[in-house]
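Biologist: I would like a close look at one part of this model, with its surroundings. Please keep to what can be read from the coordinates.

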Amino acid sequence: MELPYAESWKIKMVEPIRKSTREQREQWLKDAYYNVFQLKADQVYIDCLTDSGTGAMSDRQWAALMTGDESYAGARSFYELKETINRITGFEYVIPTHQGRAAENVLFSALVKSGDIVPGNSHFDTTKGHIESRHAFAVDCTVDEAKDTQLEAPFKGNVDLVKLENVLKSNADKVPFIIVTITNNTAGGQPVSLENIKAVRKLADKYGKRVILDSARFAENAYFIKMREKGYADLTIKEICLEIFRNADGMTMSAKKDGLVNMGGFIATRHEDWYEAAKAFCIPFEGYLTYGGMNGRDMAALAVGLDENTEFEMLHTRIHQVGYLAKKLDEYGVPYQRPAGGHAIFVDASLILTNVPKEEFPAQTLTVELYKEAGVRGCEIGYILADRDPVTRENRFDGLDFVRLAIPRRTYTDNHMDVIAVALKNVYDRREQITKGLKIVWEAELMRHFTVKLEPIV
């Protein structure tokens, strides 16, 4: 008899979480203007808002914290981190930042100007925000397969090469770089194949452009390449990572995901000119070049985390749990972006709340209903997150409308996944009764989903 699967780690520390009543949750939602970002953490039972900075660190990482060098300049911890990044990515130049959006802010300040066009595969919210705030344009070149959430395809995060070349043909002089997000978060945590990355590299070379990888979940992307793409099954995760980054010129990294830390990020590149340009913005925005917004202890923990999370067993345990939740949803008939991604399940609200018009934000409505049902906090990755068109100021309803259930790394057990699945089933079973959604009563001009205020439509 085959042995059942078990985690590649054991638990050493626990943190209590609290349950609540539906009546309490309804009041808390009202107080938060139906924006789950505004809920207090103590009001949440199982928190799937994000996998960013919410994971559990290992004993090796906690030990590394105690050895961190807090020198303002030239800290040993920086050089330990730099050596680890060099070894995993092959990039020589490294600038630490306090998180991924800071890395984007520093690098894009040097590279993006008004009127530029930045093609890529489903730019995530902060990436798009940093482009559009500079009066430039983010052009989505994701493959059309990603739009069909029920289609089983191994690499739905890929760049559509025809779309990309059309942008380069017509606007080559306005393109400062091409950006590829691995994995493709907005499209449902879907991976990008190495074949596709290499093809993007070839197109970039044809038009004299450079390639940046938005690398928050690069290790998970490498795992999918190993498991799904022909020719890579016998390579280690670290070998695949080197092959991925060999086809890029630089990267931005939110280390709060695949770095297994609660705060941190960095820029890495092989080009000295990019490094020199970014340095000028790092010091005023983030701090000196050898800490750039991070403590020495956090850099030490990140070096260990990057090393740990580029090993197969760690990734296999993590992605197996996401797959476990997906199988539960399959049992209950709940539609999500298929196949399951590496860090989250992206529930397709457009296939569930069919009686709620898109103008009333079905995914946000489903997010609210799930929280009311069981205190499970998800995150809308849909029409609210898409923001308004920067020119017309109309809501953008042309993308996918998801509720993302992001699974923190090494944090919850499969029992928690069972609770999430049953709570979602209960909402799904009464979906026909949900006919009214939400309206916006206040919003920020950019990245509105973090602070938007909503009211139920009655």
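This is a predicted model: local features need pLDDT of at least 70, side-chain atom pairs count only at pLDDT 80 or more; totals for chains, interfaces and linings use all residues.

Is Cys48 buried or exposed?

Modeller: Cys48 counts as buried, because its relative accessibility is 0%. The closest cysteine sulfur to that of Cys48 belongs to Cys379 and is 11 Å away, which is too far for a bond. A disulfide needs two cysteine sulfur atoms within 2.5 Å, and by this rule the model has zero disulfides.

Another cysteine, Cys241, is also buried, with a relative accessible area of 0%. Cys241 is one of the residues that Thr310 touches. Thr310 sits in the loop between α11 (296-308) and α12 (312-332). Although in a loop, Thr310 has a relative accessible area of 2%, so it counts as buried. Leaving aside residues up to four places away in sequence, the contacts of Thr310 are Ile88, Phe218, Ala219, Ile237, Lys238 and Cys241. A polar atom of the Thr310 side chain also lies 3.2 Å from the backbone oxygen of Asp307.

For a helix that is mostly covered, take α5, residues 125-132, where eight of eight residues are buried.

Note on methods. Residues are numbered from 1 along each chain as its sequence is written. Side-chain values use heavy atoms; hydrogens and water are left out. Helices (H or I, at least four residues) and strands (E, at least two) are DSSP runs, numbered from the N terminus. Buried means under 20% relative accessible area, exposed over 50%, partly exposed in between (1.4 Å probe, protein chains only). A polar contact is a pair of N or O atoms within 3.5 Å; within protein, one must be able to donate a hydrogen and the other to accept it, and residues adjacent in sequence count only if both atoms are side-chain atoms. Contact means heavy atoms within 4.5 Å.
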